[in-house]
Amino acid sequence: MATGDAEQKASPALGGSPSPSAPSPPIPPPRPPSTAWKGEGLLAVSVDLDELDLYRAIHGLPSSGGAARVAYEVGVPRALGFAESLGVPLTFFAVGADLTHQACADVLTSARRAGHEVASHSLTHPYNLVRLSAAEIRREVEGSFEVVERAVGARPAGFRAPGYTISDAVFDALEQAGARYDSSVFPCPLYYGAKLAVLGSMQALGRRSASIVGPPQVLAAPAEPYRLARPYWKRGDRPLVELPIQVTRGPRLPVIGTTLGRAGERGARALVRACGDTPLLNLELHAIDFLDRADVPVELTGLPELRAPLTRRLSALRAAVGAALASGRRAVTLAAAAALAS
Ligand SMILES: [Zn+2]
């Protein structure tokens with residue numbers, strides 16, 4: 001399944017001079033590979049900065065009116081401490097609207113100065129982004145790029161869609177905005193099935209969730225970095241590079257903050273090993289992975305993300321990152337990984 005390897009082997013022949021013994025080629029040169037991975041084994045750790053109101057929206061609870069800033073006030077400092085202790089840079093995916101608050105902008109500006117990346121997680125985090133009009137999608141993408149640039153002094157290189165649900169129309173807007181990569185495709189049958197089941201049971205109970213599911217073809221998307229086609233779940237020649245959310249080899253189990261945190265230290269190491277020698281180990285976390293039950297309002301203490309104590313979840317995440325580094329992977333931001341993939 002090492003498609004990345006196959007492409008890497010193919011690329012020198014394309015750039016190299018023809019062999020002296022080769023007959024003059026009547027055949028046109030082959031098309032360049034869709035992605036030529038030039039890197040060694042890489043590790044990237046990203047953190048989606050979803051505020052607590054977004055969890056209320058998923059679970060059909062009333063909004064707090066945007067007053068709570070727990071992700072930025074508590075989650076980001078803990079994430080930075082975690083990253084510093086392991087010597088890894090982070091990629092933060094920020095919701096543009098949050099950065100209109102000066103304190104949030106300041107936290108990410110200093111993180112960027114310390115070598116971390118700040119990318120876009122849309123302007124207002126609409127879970128139904130793919131169902132919006134082209135103009136509304138452009139506003140979510142371009143608007144967030146402008147807000148992030150103003151807030152932290154650098155235009156984002158990358159994007160992550162709310163709820164991992166993306167579309168070719170969103171990729172069009174990303175290309176127009178000058179994005180270099182996206183990291184939203186999550187080709188994970190278990191996650192997809194679980195989301196369908198939760199949405200179905202909420203509907204049966206008469207509760208409305210803001211969450212939606214995308215087309216099932218995403219489950220057949222490559223699990224390693226690839227250059228996008230149209231449709232986006234295929235390899236192609238679009239300028240954007242996709243850095244899929246991590247799944248294991250074989251059954252494509254989810255290797256994200258919540259599953260690693262729940263797996264405990266040994267389980268987390270096993271999940272990392274189950275990803276094999278994939279060119280990029282792309283670990284996606286959320287700000288909530290750095291929060292404990294005591295940090296959130298009482299009506300949110302039952303969130304499944306907070307079920308295990310924070311210390312246990314953090315030690316599992318530390319074990320996962322440690323295992324990746326011990327296997328020789330180099331920790332980079334997603335922007336750096338995307339640059340190596342093109
Ligand atoms: Zn999100």
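The largest nonpolar core of this predicted model holds 94 residues, and among its members Leu49, Phe92, Leu108 and Ala320 touch the most others. A nonpolar core here is a set of buried Ala, Val, Leu, Ile, Met, Phe, Trp, Tyr and Cys residues joined through C-beta atoms within 7 Å. Buried is a matter of counting: a residue qualifies if 20 or more other C-beta atoms lie within 10 Å of its own, is exposed if there are 12 or fewer, and is partly exposed in between, with the C-beta atoms placed from the backbone. The largest share of this core, seven residues, is supplied by helix α5 (residues 134–152). In soluble globular proteins, nonpolar side chains tend to be buried together.

A word on the ground rules. Because this is a predicted model, local features need pLDDT of at least 70 and side-chain atom pairs count only at pLDDT 80 or more, while totals for chains, interfaces and linings use all residues. Residues are numbered from 1 along each chain as its sequence is written.

Zooming out, the protein has 342 residues, and 44% of them count as buried. Its secondary structure comes to ten helices and nine strands; these are DSSP runs numbered from the N terminus, with helices being H or I over at least four residues and strands being E over at least two. Two residues are in contact if their C-beta atoms, placed from the backbone, lie within 7 Å. Of the contacts with a separation of 6 or more, 74% link residues 24 or more positions apart.

Back to Phe92: leaving out residues up to four places away in sequence, Phe92 touches Val47, Leu49, Leu108, Ala111, His116, Glu117, Val118 and Ala119. Strand β2 (residues 90–94) pairs with β3 in the parallel sense over four bridges, where pairing asks for at least two bridges found by DSSP. Thr91 stands opposite Glu117 in β3. To get from β2 to β3, the chain passes through helix α4 (residues 102–113) in a right-handed β-α-β crossover. Right-handed means that, with the strands pointing away from the viewer, the path from the first strand over the helix to the second runs clockwise. In strand β3 (residues 117–120), Glu117 and Ala119 point one way, Val118 and Ser120 point the other way, and all are buried. In a regular strand the side chains alternate between the two faces of the sheet.

As for α5, its 19 residues reach 27 Å from first C-alpha to last, close to the 27 Å expected at 1.5 Å a residue; the expected span is 1.5 Å times one less than the number of residues. Its buried residues are Ile137, Glu140, Val141, Ser144, Phe145, Val147, Val148, Ala151 and Val152. The cover over them includes β2, α4, β3, β4 (158–159) and α6 (168–177).

Ser122, in the loop between β3 and α5, has a positive phi near 80° without being a glycine. Tyr164 is not a glycine either, yet its phi is positive at about 65°; Tyr164 sits in the loop between β4 and α6. In the loop between β6 (226–227) and β7 (241–242) lies Pro231, which a cis peptide bond with omega of about 10° joins to Arg230.

Finally, Leu280 belongs to strand β8 (residues 280–286). Leu280 counts as buried because 26 other C-beta atoms lie within 10 Å.
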